[in-house]
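This report goes through one protein chain, from its overall make-up down to single residues. Please keep the sequence and the structure in view while reading.

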Amino acid sequence: MRPAKDKSLNVGDKLRAIRKKHGLSQRELAAKAGLTNGTISLIEKNRTSPSVASLKSLLDAIPISMAEFFSILEEDDSAKVFYRAQELTEISPSHQGGVSLRQLGNAAHHALQVLHETYEPGADTGPEFLRHEGEEAGVVVRGSIEVTVDGAVSLLHAGDGYLFDSRLPHRFRNIGDEICEIVSACTPPSF
């Protein structure tokens, strides 16, 4: 049996490294992403955590997909089939705005991205609506979530699901009193 590994990533350090690799200053990245360079500085120093939507805007400005940003090296060249809970990659730890997005495997190597999502009461994907190529679907496993897609709003409860074109503006908010848990999929991988 292999020891458990911590799959949490240091978002600030990783963003700084990728920004520099692409030859961008903080000001240039801020202008492309529609944020202030002060915000980028705080994120890179891990003094503030970006919302999912803000991080997506930053990565789109580089450009790099969320899947590439959070990709992990699989342990060997053979295809990995089974993953233990501690092996999922945390791409938005819950201490960063109350949203936890845990990715199954290395989405950069697959046509499908699977996420285990957790939203604390009051948490959301950010004030900006998300938009990206592909389709996404999910089933609420526990609690409830308000989902907005292209202006249509619905409150989904355990057992309910969604399926939509991800190019449409969308947002997720937990307006309930308990944790919401979702298992979702996106193709092609975009987070």
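How many helices and strands does the chain have? The chain has 5 helices and 9 strands. Helices (H or I, at least four residues) and strands (E, at least two) are DSSP runs, numbered from the N terminus. Along the sequence, the pattern reads α-α-α-α-α-β-β-β-β-β-β-β-β-β.

This is a predicted model, in which local features need a pLDDT of at least 70 and side-chain atom pairs count only at pLDDT 80 or more, while totals for chains, interfaces and linings use all residues. Residues are numbered from 1 along each chain as its sequence is written, and side-chain values use heavy atoms, with hydrogens and water left out.

**Confidence**

The pLDDT is the predictor's confidence in each residue, from 0 to 100. The chain averages a pLDDT of 85, and 87% of the residues score at least 70. In residues 1-8 the pLDDT is below 50, and this stretch has 13 contacts in the model beyond near neighbours in sequence. Residues 72-77 also have a pLDDT below 50, again with 13 contacts beyond near neighbours in sequence. A contact means heavy atoms within 4.5 Å.

**The chain as a whole**

Of the 191 residues, 46% count as buried. Buried means under 20% relative accessible area, exposed over 50%, and partly exposed in between (1.4 Å probe, protein chains only). The accessible surface of the chain, computed by the Shrake-Rupley method with a 1.4 Å probe, comes to about 9900 Å², and 52% of this belongs to carbon and sulfur atoms. Among contacts between residues at least 6 apart in sequence, 66% join residues at least 24 apart.

**Helix 1**

Helix 1 covers residues 11-21, and its buried residues are Val11, Gly12, Leu15, Ile18 and Arg19. These buried residues fall within an arc of 135° seen down the helix axis, so they line one face of helix 1. The arc is that of the directions from the helix axis to the C-beta atoms. An α-helix has 3.6 residues a turn, so residues three or four places apart point the same way. Lys20 and Lys21, on the other side of helix 1, are exposed. Just after helix 1, Gly23 takes a positive phi of about 70°.

**Strand 9 and its partners**

Two strands pair if DSSP finds at least two bridges between them. The table lists two pairings of strand 9 (residues 180-187).
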